[in-house]
Structures are given as C-alpha cells and as structure tokens.
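Please open the model in a viewer and keep the sequence at hand. The stops below concern aromatic rings and the charged side chains beside them.

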Amino acid sequence: MNWPLLILAGQGSSVEAEKETVRMAPANVAQKNPDGSDLRDRMGDFASCRIDSVAMEGCMVHAANESVRTGENHAWAFVSHRRAPSRHMLRPCEKWKTVPIEGRRTLHAHQHRMVRQSTVISAPGKVLLAGGYLVLEPAYPGLVLSTTARFYSVVQSGEIGVKGRTNASLPSIRVHSPQFINATWEYLLDIHEDRCAVYQTRCVL
Amino acid sequence: MKTVVLYTKQGVFCNVLPSCCTQTNPSASYHNTDAARNPFVGLSVLYALKLALEAREPSDVVQALGNNGLDVFVVADNDFYSQRSESGAPSSAELKALPPFKPQDTPIRQVHKTGLGSSAAMTTSLVGSLLSHLGVVHCDASDNFGEEELALIHNTAQLAHCAAQGKVGSGFDVSAAVWGSQLYRRFDPVALKPLLDAGTKVDVEGSPDKSAGTCSIELAPYLDPRNPLWRPSPLSSVSKGESNPTATEGLSVSREASVSRPAPLELPPLIEMALADVDAGSNTPSMVGQINEWRRKKPEWAKQMWSILAAANQTLADGLLALRLAHAQDPQAYHTAVQVAARHFSKDWDQVAKTDPSATLALLIEVRNAMRSIQGGMRALGREAGVPVEPDEMSNVIKATVDGSHGVLGGAVPGAGGYDALFVLYLDAGVKPSHDQMVPLAQIEGVWAHWRALSVGPLLSKAGNSAAGASSASQVQAALLTQGQPSALPPDNTIQPGGLRSHSLESVKGLAERIKDA
C-alpha cells in the first residue's frame, strides 16, 4: 500500500504495531471524542497506515481524522500513552492527546522525505521581587515573579547526512545557540551495556 | 546504523570518560574557541540522557535518538540580553520593532545579560525538551505538564544547574522557570548532595584525563518527585531562623499533593511590573560572600535585620493576596478604587483615602508601605555590610520613578541588588488615568528616558503567571470558601499559564525562521 509516511507528535509514547504498521484493533478505538461525539464511524478508513515508529513509540492510536488520509493540513490523531514511561517512578498517564501533524503539504509533495518532528519547550525568566539573601534559608520565603520573556528549546531529529557529524559510529546531540557566533556544541553519546559516556567534540559544525 | 544497543536492566552507569575515538588530526583548524565548554549545556544533556536511560528501556531511548541523533536549538526572547548600542538603550517602541530572537552578533561569552536568569531558563527548557523528546515526560492536550512531570523536570534542572555552577545556589531561578510566579522556599541541598559529590563532568573528546569523574549513582531515586527531601522544611540542614508560613502558602497546602510545589504568587489584577536594564559601566559581582561575612561578624545586628526584612516580605506577600481576594469579592469596587489610585502619586494615597476611602485603597497603601520597608531594609543591609545592595544612584532613579509617575506602588533593585536592573510595580486600569496624563507605563518610561546619571532602558517583559494546575485563582477560591463566600468571578480560561510550557513550532512567532537560519 502506498501510504505517506506519517509523522505524529507524541514522542516517547509504544506502538500497537507490526513493524511500522499501526493496526487499530476495535478494542483500541476510542468510543468518544472528548466533546462526546462518536468516533467509531470514521475509523474504517484508518485500519492501516504507516506511522513513524520512533515518533509513535509508546502511544496507542485511537483515532485519526479524514485529513490523515487525504493529506490535507490539520490532520490529527488521538493517541494515549499505553505504558508508564518510567520503570522507577512515573505512573502510567492515560491522557488524551490531540496531535497535530506538521508539514502535511510538504509531505504531499515529497512523500519520500521525512518531516522533522519538533519538541518545543519554553521556560520563563525570573525577577526576585523580595527576599534577596534571606531566600538562601528555607525559613524565609522569596517572592518570585516569572517574566513573560521566555527561553525556548527546540528538539528535532537530525537529518540524514547532517553537516559536521564528526563520528558516524556514535549518535550525537548537537546543541545550537543561533543568536551567537559559532555557538554549537556537539556531544557524542557512547551508550554501553554498563555505562554511558557523554563527551563534547572539538569540532565546529 | 545503530552500534550501541547493548543493555541490561540493571541500571545504566554513567561514566564520563574521555573518548578513545579522537579525530585523526585534532590540530586542524576545527578548534572552536567560541563554543568552548559550556557546563550548563553539557550537564543538561548528560543528566537528561542518563535519567531517560534509567526511566525507559534504553533501546527505546536509542530509538528516540534516531540514526542521526538530535539537533537542539536554544533561543531566548530579546529581553534576556541587553539590546543597547553606542547610541544608548532602545526605547520600548524600538524594542518592539526588533526581530524576534534577534542575533547578538557576538560570541556567547561577550553577551550582556539583563539578569532575568537566562542560564536557569536555558537549562530548564533544555532539560525539559530533552526529557519530553526522549519520552520521560508528557504534556496534556492543552500543552501543559502535570505536577509530577514538572517536579521531575525541576529536580533534574536543579541538578544540572547546580552541577554547572559548582554549588547549590538559592535555586529560585530554576524554580521560577518551572513553576512560574511563586512564593519560593529553598529545598534542602542534601537532596542533591550525593549526586553532586559524585562529580560528573562532560569531557572534551580526546581529553588526556583518563580518570575523569564517574557517576555510577542512579539519579532516579534522588530526583523522584516524591522524594521528601525536595519539600522545603524548617528542619533543613541550612535552616537557621524560625519558619513562618505565610497566608499564601497556607491556602495552598490544603490541596492534595504528592509532590512538592511552591505556593503560587501572582500579581493582583490591574497591577503590572515594569523592568529596566541599567548600565552603570560594569556588572555587579556577587555580594553574597560579603553579606555572609558581615552576618558572622555582627550576628545580633544581622538577626534583627533579617527579622525586619522577613516581616516586611511577609506583609508584601499577604498584601498581594489580600488584593486578589478583594478583587474576587467585588471586582467593580476593586476596579473603581484602582482607577482612583492610578490618577494619583502613591505618596498622595493617604490623603486620597481620607476623602475617598475604600478597602482596596487601604490594601494598596499597605502594599506600598511594605515595599518601602523592604527597600529601606535592603538599603540598610547594604550600608551596614558595606556593599552596594541598593546603591544611591539606583535609589535616586527608583524614587524619581515612584514620585514622578502616577499610580506606582514602589520599586526596588531585584534579587541580591547591585547596578544591573530595577523594577517597579504600577497600577494599570487599562485606560488613560485622566485627559492630561499619559498611560502609566509611558510615564514611567518617560522618567527613565530622561535619566542622565545612569543609562536606564526599559524591557518589554511583564510579570508572568504561575504554572497551570494549582493557580492562584484556586487559592482565592479556597480563601473565600473558608469565609463562606462565593467568588463573584467566573473562571477565566484566557489566562496564559506561567512556568514551563510546551508549544508547536509554528505557534511561536519567528522561532521556525530563527532555527532554520542556524
């Protein structure tokens, strides 16, 4: 079957899948939209579609809308996290999640190219309104206001043949600070059975 | 091709070893001095990866890393960096005209920061984005994280930030990056001590130091959101004084909570914060050491000073909460009182209260007085200890702002003081106070623009809210319920939560363009 490769957000979540094919067994199909409308009628068309297994890992696809098939924008799917992400401490979180699919137009034109999925997280700055010095002791609270100014971090899967990859045998995480001159750091990840090592490369990317 | 998929279930050790696979020619022109070691970046990557390997099946993590690894882009709103040029500090209109995430045209070590906590915000967003991308945490349909997830990100970011600084700092900057506006109490440094003692660092490839620090401790038991050491306690190893819970905190502890989260503290409606970036020629070095030295030498003085400041801080926190309650009980009366107060200089409010008394105005006066007390206390502290906590040059511009603009509650030098920044709180009823007055922010910025003794430039940032979940709105509801009163306010769903947030790339203006150019 010639389905486009779908990239859904929802990283880190396992697939009810055979390899890259997500099969939505009736048991997995959501009965209701969050707004209460019935979804079952629409499910017939989506019995099988190729899903990027990395992006969908850990998620269960419950439903997808028409646009997933027709290749229009505003495609969405419902996924939920089937499995606790942590062996140690995190409980399963069975949350509904609406997942936007980015770059559908590009996908349509170049179905062979993967669209990069982005995780974007921001954190605000701070102003210590009152409590300077005292705040070092838990007995004294500090009055802290966050700012509307934010720091953003965007994570994307590396593209094939990424510029400046120095060591093809190890995966790396490259951190870029594009507001500054030459501010890129590359970290090689040496993950073994009994240890993991992270070290910075010497190279300009 | 994946070459590194050998795992056991017995925890993954994190030996930070120098590489044995060096480049063939390290002396070639690839040496990047601008991107020298950055421990905040390196340790964020290391600890996020290590936690992911503990929390998930390692093969899942390797899969999430993909065949080509990850590209991460860290970018800051312009307010984090001073946008001054030779012609001085830009006006707010000029700042608004700058492109989003404007490149600074300088190596990172030469940047002029504005003191909003860029390293903590960077560390926290980087740790949060990696934990999210590697599937350790998940956000809900409205892009918000749950409290447990936020607490895990908080604890991990505190670890990375403390390890990068080489010490456990006060920690409120990372806490603000996760939880937004809040009444912060420091966690016990013991929570992180075993991990920091393990001494992990990120080595440069090919480093000759073959015995680099190893960290074979598992992070998860320490960073667990339910680890009680993260809950601030008067029994904490750094506690000296007596703990006095504030009303703000009292209204938050009633919530059922499995994780430690600070009490939210938001500015009351129609009260705003204005920030200025001040350039006095050089950055103020940390004065913590000198203040501590003075406390050792003059313990009696210090004790008294600390209790005066603690009382004033508490009055300010309680006053802000009382104003929010007043607004919830009678929004119309609150609005009217703020409009009246906004037409007058705050030094004239006592006079206004005689002819036009209201509960809200009385509370505004209380908050004004608390801010004066805090400012006075911090000035005295600096004078006694012989350090510029609030130097005269700064006091002068703050006084001119408070006395020269209508409806300004007060101002101060934030945090530990110095010459770098100042803030004021002011009333903004959303309308021109009267036909012959400019809008409040324009009055304030007018004073700054004409100030010659120091270069005082506005920032665009305002005060943000608390993280979603337990907002200050629920605090207010709790307070009203204890008084047997229902709130007059409908729930407001338009409020943008502060704290850590998730976005789609397209929803952040200018972000996709900035990282595409990278």
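**A tour of the aromatic contacts**

Begin by selecting B:Phe172, which counts as buried because its relative accessibility is 9%, under the 20% limit. The model is a predicted one.

Next, display both rings. The centres of B:Phe172 and B:Tyr184 are 6.4 Å apart and their planes stand at 65 degrees, so the pair is edge-to-face; the angle required for that class is over 60 degrees. Colouring by secondary structure places B:Phe172 in helix α6 (residues 172-179) of chain B and B:Tyr184 in strand β3 (residues 182-184) of chain B. The two residues are 12 apart, and the pair links distant parts of the chain.

Over all chains, the count comes to 5 aromatic pairs. Another of them is found by selecting A:Phe151 and B:Phe80: with ring centres 5.6 Å apart and planes at 65 degrees, the pair is edge-to-face. Are the two residues buried or exposed? A:Phe151 counts as buried at 4% relative accessibility, and B:Phe80 is buried with a relative accessible area of 1%.

Finish with charges over rings. Select B:Trp306 to find B:Arg295 over its face, 4.1 Å from the ring centre. Then select B:Phe345, where B:Lys347 lies over the face at 5.5 Å from the ring centre.

Notes: Residues are numbered from 1 along each chain as its sequence is written. Chains are lettered from A and ligands numbered from 1 in the order in which they are written. This is a predicted model: local features need pLDDT of at least 70, side-chain atom pairs count only at pLDDT 80 or more; totals for chains, interfaces and linings use all residues. Side-chain values use heavy atoms; hydrogens and water are left out. Rings of Phe, Tyr and Trp (its six-membered ring) pair if their centres lie within 6.5 Å; planes under 30 degrees apart count as stacked, over 60 as edge-to-face and the rest as tilted. Buried means under 20% relative accessible area, exposed over 50%, partly exposed in between (1.4 Å probe, protein chains only). Helices (H or I, at least four residues) and strands (E, at least two) are DSSP runs, numbered from the N terminus. A charge sits over a ring if NZ of Lys or CZ of Arg is within 6 Å of the ring centre and within 35 degrees of the ring normal.
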